[in-house]
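Let's take a friendly walk through the places where the parts of this model meet, going from the inside of each chain to the contact between chains.

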Amino acid sequence: MVVQKTTAVDEVQLVYDGTYEGLLTVVFECYRLKLTPIEIQVQGAPAKDLFANRQPLTITTDKTSAERVAAGITKYGGRQTASELYQVFLSENGQREMIVYQYLRLLFEKQKAINAHYHIDVVLQVSQLVKQMGREIHRMHAFVRFQELADGLYFAPIEPDIDVLPLAHQHFVKRYAAMRWCIYDIKRNYGLLYEGGPVQTVVLDMDFSGNTMQLPAEVLSANELAYQQLWKDYFKSTNITERKNLKLHLRHVPSRYWKYLTEKW
Amino acid sequence: MNERVQEKLKILADAAKYDVSCASSGSDRKNKAGGMGNSTSMGICHSYTEDGRCVSLLKVLLTNYCIYDCAYCVSRKSNDIKRAAFTVEEVVDLTMSFYKRNYIEGLFLSSGIFKNADYTMERLVRIAKDLRTLHNFNGYIHLKLIPGASDELVQQAGLYADRLSANLELPSEASLKIIAPEKSYDQVYLPMNYLKEAIVEYRREKKQNRHTPIFAPAGQSTQMVIGASPETDLHILKLSSELYQNQNLKRVYYSGYIPVSNDTRLPTLVAPPLVRENRLYQADWLIRFYGFKYNEIVDDRNPHLDEQYDPKLVYALRNMHLFPVTLQTAPYEMILRVPGIGVKSAQKIVAARRYHSLHLDLLKKLRVAVNRAKYFINVPGNHLLKQYYPEMIRKELAGENPTDHQPQQLMLFA
Ligand code: SF4
């Protein structure tokens, strides 16, 4: 779906601060200033050749503007649309800003939910990205492996394809409410720490360059390695050799996740 | 924790692995303040075995000592194997420790029968009870009902477990009598029916008083071994349909017989009947989610499922007069019957056609397996119809794998 052009609008490249609020502000400003962006980029990202000789317009994030757009999304698209667009924003897809922008043009034009308009490219794209995100979130729920540290904290290093920690962690807050834990995204170098209250963001100075994510014995609780071994033994004994089907195994557990999985160490 | 636990775990996990149920879904147990864990209605597979089966639960036997001698079972009395028994505390500790590390969704506990049914069942219940009451555990618990266990113990099991299962073991009582002479269908149906009533009762009370203690929220399931006895697929699917309808079972599991003994009561097989097992799961899936009746899939003239083609395709080929389906206007139920269209795609089709006329390209975008569906649908852009006869379609689709209803064992979610 190409957004309709009218003669009154200007084609521009826009730059924002990389936050979701920032992106919603961009959308707000496009309406107010009658702009048609052909590229929306995070500040500081390398410029594409195509625009090398143009001066991008910087949009300053404004909470009130963002809130008005957010309210519009919920009003016309409902909470599902609001959540889906946020997921698209987190998807790290190279076109995510333009996808959100185009989707919102359409939503505000129709003034009702457009989730099922699959014949429109941007709607289909959103539904596919949401599905992708869902898969990655589900993988995190499944593949996070905690290791108990000497002080009783349960620690799990991860490296998801997409930055899903903001969406995936609620599950752990509910499930492990009575535990102290930290899930650490080593690719994006931040983690979420839970100690009973609200989840806190932490940045650690740790080396995760090993072949596996098994932490050194010195930092682990006395029983940790024994439980890891028990789990590995258990995993081994679940196999039924007569049924072996490695292709299927790999489809479910792609090898890039193996270094996080205790049973694969 | 010590080497003895390690040794026991090896033996008792190995003995339990043939029990196929791995589902951790269908429950919705919320965590409580200060509690450990919850169950989500979707369930999570935390890992997959090398044969591609979901690992969701710590699946172990309490013991593989057994006073019975069922021919198909590794733990049978006459089999010369290493025996072991966990203590209640050991199982509780393993479950909690694995759960806290996010290895598992919970516990699947079964057991050989030592001393007698109630003696064994009582210990299974104790483990579930300790987990819930002493450790505040709100993860998933599946307990096997020991054949012949008393109503009181079954009732208690329901108070602490999410799901319970009494296994039919074989698709007919006649076969059961030959292969597992100490067992009877009565021993299985009694607790099954007791539970069914208890669950109905619980749901009724719950409506009036929401503080009614939770009771077996994920219902009950059963399992039967396939290929160790002569029953037809018609017989098996009819039995399953009755179990879904009359006993309100949530799941029936089919387990392709894996030769674990050369007992003369059993057939000699070169390989487990995995294709047949797969076809049964597909047919079962069609019955539960696609609105098919068992006798639309198999009947007296075709008492066995086709090995080469999946049951949905076979149904379509046998009923060409119902096709092609005009997707733009057909009812949802009929769209579901088109080979190559799964539940998700069918829902999307019904949603999308309200806004736009369907065409072949759009169907591809909605992830319809157009290569299969094209013989059975009427949609602009599809010019394939009419020239095709069932035999020609069979030939063209030979060797293709259906993707729209993979059997449960291969699926991410139940
Ligand atoms: S009663 Fe159960 S454990 Fe014992 S032999 Fe029969 S199937 Fe195996």
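In chain A, the C-alpha centres of domain 1 and domain 2 lie 33 Å apart. The assignment places domain 1 of chain A at 11–136 and domain 2 of chain A at 144–264; such bounds come from an automatic or database domain assignment.

A word on the ground rules. This is a predicted model, where local features need pLDDT of at least 70 and side-chain atom pairs count only at pLDDT 80 or more, while totals for chains, interfaces and linings use all residues. Residues are numbered from 1 along each chain as its sequence is written, chains are lettered from A and ligands numbered from 1 in the order in which they are written, and side-chain values use heavy atoms, with hydrogens and water left out.

**Within chain A**

Eight residues of domain 1 of chain A are in contact with nine residues of domain 2 of chain A, contact being heavy atoms within 4.5 Å. Which residues of domain 1 of chain A lose the most area to domain 2 of chain A? They are Leu90(A), Glu92(A) and Glu136(A), together giving 68% of what that side buries. Buried area here is the accessible area (1.4 Å probe) that two parts lose on being put together, summed over both.

One salt bridge is counted between domain 1 and domain 2 of chain A; the term stands for a side-chain nitrogen of Lys or Arg within 4 Å of a carboxyl oxygen of Asp or Glu. The side chains of Arg188(A) and Glu92(A) meet in a salt bridge at 2.9 Å, N to O. Helix H2 (63–90) and H4 of chain A are the elements that give two or more residues to the domain 1 side. Helices are DSSP runs (H or I, at least four residues), numbered from the N terminus.

**Within chain B**

Chain B is divided into domain 1 (3–290) and domain 2 (311–397), and the C-alpha centres of these domains lie 38 Å apart. Here six residues of domain 1 of chain B touch seven residues of domain 2 of chain B. On the domain 1 side, Leu286(B), Phe289(B) and Tyr290(B) lose the most area, together 82% of what that side buries. Zero salt bridges are counted between domain 1 and domain 2 of chain B.

**Between the chains**

In the contact of the two chains, 54 residues of chain A meet 61 residues of chain B. The rule finds four salt bridges across this interface. Arg101(B) and Glu224(A) meet through their side chains in a salt bridge at 2.8 Å, N to O. Which helix gives the largest share of the side of chain A that touches chain B? That is H6(A), with 11 residues.

By class, this side of chain A has 24 nonpolar, 17 polar and 13 charged residues. In this scheme Ala, Val, Leu, Ile, Met, Phe, Trp, Tyr, Cys and Pro count as nonpolar, Asp, Glu, Lys and Arg as charged, and the others, Gly among them, as polar.

**Buried areas side by side**

| Interface | Buried area | Share from carbon and sulfur atoms |
|---|---|---|
| Domain 1 and domain 2 of chain A | about 730 Å² | 63% |
| Domain 1 and domain 2 of chain B | about 490 Å² | 73% |
| Chain A and chain B | about 5300 Å² | 59% |
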